[in-house]
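Please look over the sequence and the structure shown below before reading on.

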Amino acid sequence: MADQDPVFNIQRVYLKGASLEQPNSPAILLEQEQPSVDINLGVNVENVADGVFEVTVTATVQTKIQDKTVFLVECQQAGIFEIRNVPEDQLGGLIGVACPQIVYPYLRGNVADLIQRGGFPPVHLAEINFQAMYQQQQEAVAASQGGNAQLTQ
């Protein structure tokens with residue numbers, strides 16, 4: 001009986017990759033104009049073993065003055081999660097919502113720290129509603145599969 005109980009364990013949360021580029025330094029650092037900031041986020045899930053998933057949340061932060069990059073930061077924060085005996089209809093939400101919510105605060109801290117270590121004021125990523133993000137992804141998948149899915153507008 002105990003072997004069938006639902007299992008959700010965090011095996012590890014780790015910084016998978018990070019990079020900071022300042023291709024136009026030092027000249028761009030002397031500019032007085034405020035840079036524009038572009039932030040992109042993504043979530044990737046990989047089944048690494050039976051009942052074990054790696055969930056990676058990626059952030060790309062690029063600041064520019066006109067068409068010149070001030071800095072570009074790419075950061076991947078990952079977690080390894082053991083998930084077993086969870087009903088199939090709940091598994092997607094657990095992997096697509098709960099796991100990224102656990103990993104994301106670490107990503108936010110690492111991005112701000114990396115930018116600050118580059119000599120810039122930290123950029124603090126906003127809180128993310130992973131439930132809404134997951135819902136949008138599910139709707140996009142359903143729409144791309146055509147006639148079987150119905151979406152309300």
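In this predicted model, helices α1 and α2 are oblique to each other, a word used here for angles that are not under 35 degrees (roughly parallel), over 145 (roughly antiparallel) or 65 to 115 (roughly perpendicular). Because the model is predicted, local features need pLDDT of at least 70 and side-chain atom pairs count only at pLDDT 80 or more, whereas totals for chains, interfaces and linings use all residues. Residues are numbered from 1 along each chain as its sequence is written, and side-chain values use heavy atoms, with hydrogens and water left out.

**The helix pair**

- Two packed helices are described by the angle between their axes and the distance between the axes.
- The axes of α1 and α2 come within 9 Å and cross at roughly 140 degrees, where axes are lines fitted to C-alpha atoms, for helices over the stretch in contact, and angles run from 0 to 180 degrees between N-to-C directions.
- Helices (H or I, at least four residues) and strands (E, at least two) are DSSP runs, numbered from the N terminus.
- The contact, meaning heavy atoms within 4.5 Å, is made by G92, G93, G96, V97, P100, Q101 and Y104 of α1 together with F130, Q131 and Y134 of α2.
- By class, this contact of α1 with α2 has five nonpolar, five polar and no charged residues, where Ala, Val, Leu, Ile, Met, Phe, Trp, Tyr, Cys and Pro count as nonpolar, Asp, Glu, Lys and Arg as charged, and the others, Gly among them, as polar.

**The largest nonpolar core**

- A nonpolar core is a set of buried Ala, Val, Leu, Ile, Met, Phe, Trp, Tyr and Cys residues joined through side-chain atoms within 4.5 Å, and buried means under 20% relative accessible area, exposed over 50% and partly exposed in between (1.4 Å probe, protein chains only).
- The largest such core has 28 residues, of which V61, F71, I83, L107, V111, I115 and L125 touch the most other members.
- At least two residues of this core are supplied by each of β3 (52-65), β4 (68-84), α1 (88-117) and α2 (130-144), and the largest share, nine residues, comes from α1.
- Not counting residues up to four places away in sequence, I83 touches V7, F8, G51, F53, L91, L94, I95 and C99.

**Residues in the strands**

- T56, whose place is in strand β3, counts as buried at 4% relative accessibility.
- Leaving aside neighbours within four places in sequence, T56 is in contact with K16, G42, V43, N44, Q76, Q77 and A78.
- T63, which also lies in strand β3, counts as buried at 2% relative accessibility.
- I10, placed in strand β1, counts as partly exposed at 45% relative accessibility, and I10 touches I80, F81 and I102 when residues up to four places away in sequence are not counted.
- The C-alpha atoms of I10 and N24 are separated by 40 Å, although these residues are 14 residues apart along the chain.

**Backbone features in the loops**

- The peptide bond from S25 to P26 is cis, with omega near 5 degrees, and P26 is in the loop between β1 (7-21) and β2 (36-49).
- Q66, found in the loop between β3 and β4, is a residue other than glycine with a positive phi, near 55 degrees, and counts as exposed at 63% relative accessibility.
- N85 is not a glycine but has a positive phi of about 60 degrees, and its place is in the loop between β4 and α1.
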